[in-house]
Amino acid sequence: MELTTTPAVRASLDGEVCTAVLDRPGEQNSITGDLLADLHRVLDAAEADPRCRVVVLRATGGVFCSGMDLASAADPGARPAERGGAEFLGVLRRLTETPRVVVAQVDGRVTGGGVGIVAACDLVHATARAQFSLPEALWGLLPACVTPFLIRRSGFQAAYSMTLTTTAVDVDRAQRWNLVDEAVSRAEEFEPLLRRLVFRVGKVDPVTVGDVKRYFRRMWIVTDEVERTAVAEFRRLLDSATVRERMAAFVTEQRFPWER
């Protein structure tokens, strides 16, 4: 059953599985306010259907998610950075709290905020061509809203290394760092993994799933104070005229700061 089709996300519900497909391949599935709102709507629908046990996130094209839409972020007339950071972090938090098991099926490149979406999912299945990177430092930014969730999943050093070096991480290293739970050769192998997962979690009451998520949140670092710190840092950096200029130059000229 089709739930919603928008320019950003296609969603459907089939028995116990709700599938959301990021569907902006021409824009490399970058994150916009519309995409974040669509993800909330998908989770609303999944939580409203008592049959649903699993939410699957996947994407069209060779990029799972390229992170923040740089063109919008570089626009001085864009909405305040604080609001954008809070909206993004709100989706990440909801992924970690929804009483449904959330699975990311990654087949391709993931950068910036896309790493945050993946890290906030309960389980990550990835193909051999998956790559993960945090390039924000190249523009003078930090992945402020991503790192609490990445540290939660992969540990401090992995998040620190990815942030500092901006180097892409292949699927083998991502699995060693616990950013990926199951690695497969190609996307066709996702389905058997999903069937086995649905068979198991279909026996767990969604209330219990919610209890597990709430309990583990209290055991770890992503507190309200951490979230406020992340949003404030994102706002501080994105309000910089220099950072916006660097991003705008990359969008219009495809030039990094050191090439200017």
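Contact here means heavy atoms within 4.5 Å. The model shown is predicted.

**View 1. Surroundings of Ile117 in the largest nonpolar core.** Ile117 touches Ile31, Leu57, Phe64, Cys65, Phe88, Leu92 and Leu95, leaving aside residues up to four places away in sequence. The largest nonpolar core holds 64 residues, and those touching the most other members are Leu57, Phe64, Val106, Ile117, Phe132 and Leu150. Helix α1 (residues 33–48) gives this core its largest share, six residues. In soluble globular proteins, nonpolar side chains tend to be buried together.

**View 2. Helix α11, residues 241–253.** The 13 residues of α11 span 18 Å from first to last C-alpha, close to the 18 Å expected at 1.5 Å a residue. Buried residues in α11 are Val243, Arg244, Met247, Ala249 and Phe250. At the start of the helix, a side-chain oxygen of Ser240 comes to within 3.2 Å of the backbone nitrogen of Thr242. Just after α11, Gln254 has a positive phi of about 55 degrees.

**View 3. Positive phi at Asn29 and Thr166.** Most residues other than glycine have a negative phi. Asn29, which is not a glycine, has a positive phi of about 50 degrees. Asn29 lies in the loop between β3 (17–22) and α1, and it counts as buried because its relative accessibility is 0%, where buried means under 20%. Thr166, also not a glycine, has a positive phi of about 60 degrees and sits in the loop between α6 (156–165) and β10 (169–170).

Technical notes:
Residues numbered from 1 in each chain as written. Predicted model: local features only at pLDDT ≥ 70, side-chain atom pairs only at ≥ 80, totals over all residues. Heavy atoms only, no water. Core = buried A, V, L, I, M, F, W, Y, C linked by side-chain atoms within 4.5 Å. Buried < 20%, exposed > 50% of the residue type's maximum accessible area, 1.4 Å probe, protein only. Helix = DSSP H or I, 4+ residues; strand = E, 2+ residues; numbered from the N terminus. Expected span 1.5 Å × (residues − 1). Polar contact = N/O pair within 3.5 Å; in protein donor to acceptor, adjacent residues only side chain to side chain.
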